[in-house]
Amino acid sequence: MDDLKATLKAMLPETREYDGCQGIDAFGNLEDGSNLVLHERWDSREHHEKYLAWRTETGGMEKLGSAFSALPSIRYFERVDA
């Protein structure tokens, strides 16, 4: 988990500055240290997909993948109470 925290600490500032990123928060599960949730807000799904492509091209996804114990589950939601 320490490797993952260090990786995220290094990568999240770039993510927050990426075009279309409104914000990102990382939450660790207090009951299971290997479980992490990233709550990301983007201008659009297309912005996020472009970001993921950039992270893949630059090797960031591979770096993250080596820090995780399993592949991440990426899901898209829309706000329904606004």
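I24 counts as buried because its relative accessibility is 4%, where buried means under 20% relative accessible area, exposed means over 50%, and partly exposed covers what lies in between (1.4 Å probe, protein chains only). The model is a predicted one, in which local features need pLDDT of at least 70, side-chain atom pairs count only at pLDDT 80 or more, and totals for chains, interfaces and linings use all residues. Residues are numbered from 1 along each chain as its sequence is written, and side-chain values use heavy atoms, with hydrogens and water left out.

I24 is found in strand β1; helices (H or I, at least four residues) and strands (E, at least two) are DSSP runs, numbered from the N terminus. Between I24 and L12 there are 12 residues of sequence separation and 7.7 Å in space, C-alpha to C-alpha.

Two residues of helix α1 can be set side by side. T7 belongs to helix α1 and is buried, since its relative accessible area is 11%. A6 also has its place in helix α1, yet A6 counts as partly exposed because its relative accessibility is 48%. For A6 and E46, the separation is 40 residues in sequence and 28 Å in space, C-alpha to C-alpha.

The segment after α3 holds F77. With 71% relative accessibility, F77 counts as exposed. F77 and Y51 stand 17 Å apart in space, C-alpha to C-alpha, and 26 residues apart in sequence.

Next comes the packing of the helices. Two packed helices are described by the angle between their axes and the distance between the axes. Here, axes are lines fitted to C-alpha atoms, for helices over the stretch in contact, and angles run from 0 to 180 degrees between N-to-C directions. Angles under 35 degrees count as roughly parallel, over 145 as roughly antiparallel, 65 to 115 as roughly perpendicular and the rest as oblique. Helices α1 and α2 pack with their axes 11 Å apart and at an angle of about 140 degrees; α1 and α2 are therefore oblique to each other. For α1 and α3, the angle is about 155 degrees and the axes are 9 Å apart, so this pair, α1 and α3, is roughly antiparallel. A crossing is left-handed if the near helix is turned anticlockwise from the far one by less than a right angle, and right-handed if clockwise. By this rule, α1 and α2 cross in a right-handed way, while the crossing of α1 and α3 is left-handed.

Finally, there is the largest pocket. On a 1 Å grid over the protein atoms alone, a pocket is an open set of points where a 1.4 Å probe fits, with protein on both sides within 12 Å along at least five of seven lines; lining residues have an atom within 4 Å of a point. The lining of the largest pocket has 35 residues, and L38, H39, E40, I74 and R75 lie nearest the centre. Elements giving two or more residues to this lining are α1 (2-17), β1 (21-28), β2 (36-42), α2 (45-57) and α3 (60-67). Of these, β2 supplies the largest share, 7 residues.
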